[in-house]
Amino acid sequence: MKLLKSKNVIITGATRGIGKGVAELFAKNGANIAFTYISSNESAKVLEEELSTNGCIVKGYYSDASDFNAAQQLILDVLEDFGSIDVLVNNAGITKDNLLMRMSEEDFNDVMKINMNSVFNNTKAVLRQMLKQRSGSIINLSSVVGVKGNAGQSNYSSSKAGIIGFTKSVALELGSRNIRCNAIAPGFIETEM
């Protein structure tokens, strides 16, 4: 039995690492997958082919999750192609680790923009559709370092802690409308980020 048969899912940053693993699991459970990427068209095509062997609809979208307008356009495109959106997985993220004394302002801002702003952008963009449907699930990828911190990762830890606070607030705002918002906080992973 496929638990997610005919559910439409968006996963940001799904061509590698955790995002790819999430996409594979959703596809095995029957979900249709819309995923974003910004690095490799070739990787996106390969992922489309791999996931579609599960009998689901799969489409990759070149989209920068950290760009507000790109997130708005992504939701419009996915709605046009899939008709509805049941789940949003905010996975896009980067690291630029360094001790604070050596960290540049640019490295701090880049990590915050991609990790934190992307969660805001895509959640804000999908909200109208989920409110209209009166259902939905938003899953935000945080990290254990967002809870505990880690030397050399003040930018990354800050962004992941911000995602946890954002998630709690959004869950309180949307829970009464049958829209769930949860964060997952994995530890160290052995895949490419």
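How closely do the axes of helix α3 and α4 come, and at what angle do they cross? The axes of α3 (residues 68–82) and α4 come within 8 Å and cross at roughly 40°.

## Basis of the model

This is a predicted model: local features need pLDDT of at least 70, side-chain atom pairs count only at pLDDT 80 or more, and totals for chains, interfaces and linings use all residues. Residues are numbered from 1 along each chain as its sequence is written, and side-chain values use heavy atoms, with hydrogens and water left out.

Helices (H or I, at least four residues) and strands (E, at least two) are DSSP runs, numbered from the N terminus.

## Helix α3 against α4

Axes are lines fitted to C-alpha atoms, for helices over the stretch in contact, and angles run from 0 to 180 degrees between N-to-C directions. α3 and α4 are oblique to each other. Angles under 35 degrees count as roughly parallel, over 145 as roughly antiparallel, 65 to 115 as roughly perpendicular and the rest as oblique. The crossing of α3 and α4 is right-handed. A crossing is right-handed if the near helix is turned clockwise from the far one by less than a right angle, and left-handed if anticlockwise.

From α3, the contact uses Phe 68, Ala 71, Gln 72, Leu 74, Ile 75 and Leu 79. They meet Phe 120, Asn 121, Asn 122, Lys 124, Ala 125, Val 126 and Gln 129 of α4. Contact means heavy atoms within 4.5 Å. By class, the contact of α3 with α4 has eight nonpolar, four polar and one charged residue. Ala, Val, Leu, Ile, Met, Phe, Trp, Tyr, Cys and Pro count as nonpolar, Asp, Glu, Lys and Arg as charged, and the others, Gly among them, as polar.

## Helix α4 against α6

α4 (residues 105–133) also packs with α6. Their axes are 8 Å apart, at an angle of about 15°. α4 and α6 are therefore roughly parallel to each other. Their crossing is right-handed.

On the α4 side, the contact residues include Phe 108, Val 111, Met 112, Met 116, Val 119 and Leu 127. Phe 120 is also among them; this residue takes part in the contact with α3 too. On the α6 side, they include Tyr 156, Lys 160, Gly 162, Ile 163, Phe 166 and Leu 174. The residues of the contact of α4 with α6 divide into 13 nonpolar, seven polar and two charged.

## Helix α1 against α2

α1 (residues 17–28) and α2 (residues 41–52) have axes that come within 9 Å and cross at roughly 30°. The two helices are therefore roughly parallel to each other. The crossing is right-handed.

Lys 20, Ala 23, Glu 24 and Ala 27 are the α1 residues in the contact. Leu 47, Glu 50 and Leu 51 meet them from α2. The contact of α1 with α2 has four nonpolar, no polar and three charged residues.

## Aromatic cluster

The structure holds three aromatic pairs. Rings of Phe, Tyr and Trp (its six-membered ring) pair if their centres lie within 6.5 Å; planes under 30 degrees apart count as stacked, over 60 as edge-to-face and the rest as tilted. Phe 35 and Tyr 37 have ring centres 6.3 Å apart and planes at 45°, so the pair is tilted. Tyr 37 and Tyr 62 form an edge-to-face pair, 5.7 Å centre to centre, with 75° between the planes. This pair links distant parts of the chain: Tyr 37 is in strand β2 (residues 32–37) and Tyr 62 in strand β3 (residues 58–62), 25 residues apart. Ring pairs link Phe 35, Tyr 37 and Tyr 62 into a cluster.

Phe 35 is buried at 0% relative accessible area. Tyr 37 is buried at 11%, whereas Tyr 62 is exposed at 59%. Buried means under 20% relative accessible area, exposed over 50%, partly exposed in between (1.4 Å probe, protein chains only).

## Single residues

Ser 143 lies in the loop between β5 (136–141) and α5 (145–148). Its relative accessibility is 6%, and Ser 143 counts as buried. Ser 143 touches Tyr 156, Lys 160, Ile 184, Ala 185 and Pro 186, not counting residues up to four places away in sequence. Of these, Tyr 156 and Lys 160 also belong to the α6 side of the contact with α4. Lys 168 is in α6 (residues 154–174) and is exposed, with a relative accessible area of 56%.
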